[in-house]
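Try each one with the viewer open before you read the solution.

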Amino acid sequence: MARLRPGQVRPDLPLGPALLVLVLVTAGTAVLMQYLADRGLVLGSPLVLTALVIVASVIGYDVGRYPVASLDRGRPAASGVRIGLRLAVVLALCAAFAWFSGWSLVLPGMVALASVAHVEAAGSRMWRPAVAAGAALTVAGQVGVQLGWLPSIVVPDRSHVAALWIALPTGVAIAYVGRSVAQREELARAQLSAEARLNALLNSSSDVVVVVDASGVMTYVSPPATAAFGMRPEALVGRPVTSLVDVEHCDGALARLQHVVRAGDGAREAFDVLMEVRRARRWHEWTVLNMLDDPLVGGLVVDMRDISDRLHHQQQLAHAAAHDPLTGLPNRAELMRVLTEELAEAAPGAGVAVLFMDLDLFKEVNDTHGHAAGDELLVAVAGRLRAALRPHDHVARMGGDEFCVVLTEVRDDEEVETVVGRLTRTVGEPIHVAGVDVTVGVSIGAATTTDPTTPPTELFADADAAMYRVKHRR
C-alpha cells in the first residue's frame, strides 16, 4: 500500500468508484440544467453551466474535512495559502455560474456556502478576504446586469434588491464563522502554550512521572525517562510498571499500588522501591496519587525520584556517627547499642562478656615517636583485635588508648580467660610504627552476665573497674 505524503488527504473512495460517481453526478447535473433551461429558469448554455458546477465541486472537494489550519499541528504553514487560492478559484467559478445562468442575485449565497468551509479549513484570517471577494463579485455582477452585459431572470431593480438582502445576512454569517474560528484558535494557542510549559517543566525535572492504570500498566511516561532509565517514553508505554522494578521487590511494589487503588480517588502514598536502571539497582521514592476517576488522567500518577545518592549519603553520615574516624571501629555509643541487642538475644544458658582494655606504654610511644606514630599504633592494634575475635564478637574504640570487646554466646569463665589470653598475646607482639618496632602491653578487665536484664552500663562499669584492678597490680 502506497504511503501518503505529508499533508496529503486519503480519498474516501478508490479511483475507480470515484470516477464512476463523478460521471453520474455530471450526467445528473447536465440533465437538470437542460431541464431548467427548457423552462427558462436558467439562461446560458446548459453544458457550460454543468461544466462550471462540476469543476467547482471537484476543486472544493474535501475542503470541509480539513481541520482548522492553525489548530492542526501536523500541517505545513502553506496549507492556508493553498486553501485561499482554492477559495479564489471556487468563488470565480460560482460567479461565472451565477452571471451566465441569469442568477446573479443569488451569488452572495453561493459565496457564503463556498466560504464557510474554506474559512474553517484555512483559519480565521480568511473570513475578511472571503467577505470582500463576495462583495466585489456581487457588485460586479449587479453592475453587469444593470448595463445589460449579463443576463438576468428578473429585472435589474429586483435583482439589485434581492442581491443586497441576500448579501447582508450571508456576510454576517461568514464573519460569525470567522470569529468562532478565531476563538478556537486562541484556545488552541493557549492549550499549546500550556502543553509547552508543562513539557518544559517535566523535561527540566530529574523526576520521572508515570501514569499507571488500575492493572499496573504504564499509559504515560514523561520525557526524563530517557535520561533516567535509558529508554524512550514511547518504548515504556504499554509495559507493566513492575518491569522497571527489581525482581525481589515487584510483588511488594504492586501490592502498594493496589492499596492506593483500593483507597479510592485522591489517595496518596509514598514508599521506596528498588529499581533496575541501566543494569544497575537504584533506590527510588515513589509518590503515588490515585486519579483513576479523573477523566483527563484515568490512572495512578507515580512520581519516581532517584534517592540512591541521598540514601548513600545518609548511610555515610550514620556510619560516621557510630564509628571511630581513626580506626574505623564502632564507638562507645554504637557498642552500647550492640550490647543491648546481644543481651536481649542471648540464647538460654549463654552469657555475654564485656572486656575493657587499656594499652600499656602507649604514652611512651607518643612521647618518643610523636602523635602520628601513636595513631599508627592504634590503627594496628585495632586490626589485630578484629583478627583475633570470632565473627560474632564485637570490638570498639572507647577513646584514647582504650578499647572494649563484647563476647557473645559465652558458656563459661574459661572461655573468657582464653580470649583474654589470646588478645593479650596478640597486642603484646612488636608493632612496626614510624620506622621502628615498638612493644606495648594491654590491661584487660572482664565482666560476664547470663541475665538478659542486666543494664549495659552496669557491665561496662564492672569491666572498667576490673581493668583498673589489673592495671594497678602491674
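**Exercise 1. Describe how helices H13 and H14 pack against each other.**

Keep in mind that you're looking at a predicted model.

Step 1: Find the two helices. H13 covers residues 371–388, and H14 covers residues 413–428.

Step 2: Two packed helices are described by the angle between their axes and the distance between the axes. Here the angle is about 145°, and the axes lie 10 Å apart.

Step 3: H13 passes H14 in a right-handed crossing.

Step 4: List who touches whom. H13 brings Val381, Arg384, Leu385 and Ala388 to the contact, while H14 brings Arg422, Leu423, Thr426 and Val427.

**Exercise 2. Work out the strand order of the five-stranded open sheet, then say which strands stand at its edges.**

Step 1: Start with strand E1, residues 208–212. E1 pairs with E5 (residues 299–306) in the antiparallel sense, over five bridges. For example, Val212 has Leu300 in E5 as its bridge partner.

Step 2: Look for another partner of E1. Strand E2 (residues 218–221) runs antiparallel to E1 and is joined to E1 by three bridges.

Step 3: Check the link between E1 and E2.

Step 4: Write down the whole order: E2-E1-E5-E4-E3, with antiparallel pairing. E2 and E3 (268–277) are the edge strands; each has a single partner strand, so one side of each has no neighbour in the sheet. From one strand to the next, the twist averages 30°.

Step 5: See what packs on the sheet. Helix H9 (residues 250–263) touches E3, E4 (280–291) and E5, and its direction makes about 155° with that of E3. H10 lies across E4 and E5, running at about 115° to E4.

**Exercise 3. Is strand E1 covered on one face or on both?**

Step 1: Count the buried residues. In E1, five of the five residues are buried.

Step 2: Sort them by side. Val208, Val210 and Val212 sit on one side, with Val209 and Val211 on the other, and all are buried, so both faces are covered.

**Exercise 4. Find the buried residues of helix H11 and name what covers them.**

Step 1: Locate H11. It has 14 residues (332–345) and reaches 20 Å from its first C-alpha to its last, close to the 20 Å expected.

Step 2: Pick out the buried residues: Glu334, Leu335, Val338, Leu339, Glu342 and Leu343. The spacing is worth a look. An α-helix has 3.6 residues a turn, so residues three or four places apart point the same way.

Step 3: Find the cover. It includes helices H10 (308–322) and H15 (456–473), along with strands E6 (351–360), E7 (394–399), E8 (402–410) and E11 (441–449).

Step 4: E7 and E8 run antiparallel, joined by five bridges. They form a hairpin with two residues between them, where Gly400 in the turn has a positive phi of about 60°. Gly399 has Glu402 in E8 as its bridge partner.

**Exercise 5. Is Asp360 buried or exposed?**

Step 1: Asp360 is in strand E6.

Step 2: Compare its value with the cut-off. Asp360 has a relative accessible area of 14%, and buried means under 20%, so Asp360 is buried.

Step 3: Look for a side-chain partner. A polar contact of 2.6 Å links the side chain of Asp360 to that of Lys471.

Note on methods. Residues numbered from 1 in each chain as written. Predicted model: local features only at pLDDT ≥ 70, side-chain atom pairs only at ≥ 80, totals over all residues. Heavy atoms only, no water. Helix = DSSP H or I, 4+ residues; strand = E, 2+ residues; numbered from the N terminus. Expected span 1.5 Å × (residues − 1). Buried < 20%, exposed > 50% of the residue type's maximum accessible area, 1.4 Å probe, protein only. Contact = heavy atoms within 4.5 Å. Pairing = 2+ DSSP bridges. Polar contact = N/O pair within 3.5 Å; in protein donor to acceptor, adjacent residues only side chain to side chain. Axes fitted to C-alpha atoms, helices over the stretch in contact; angles between N-to-C directions. Left-handed = near helix turned anticlockwise from the far one by under 90°.
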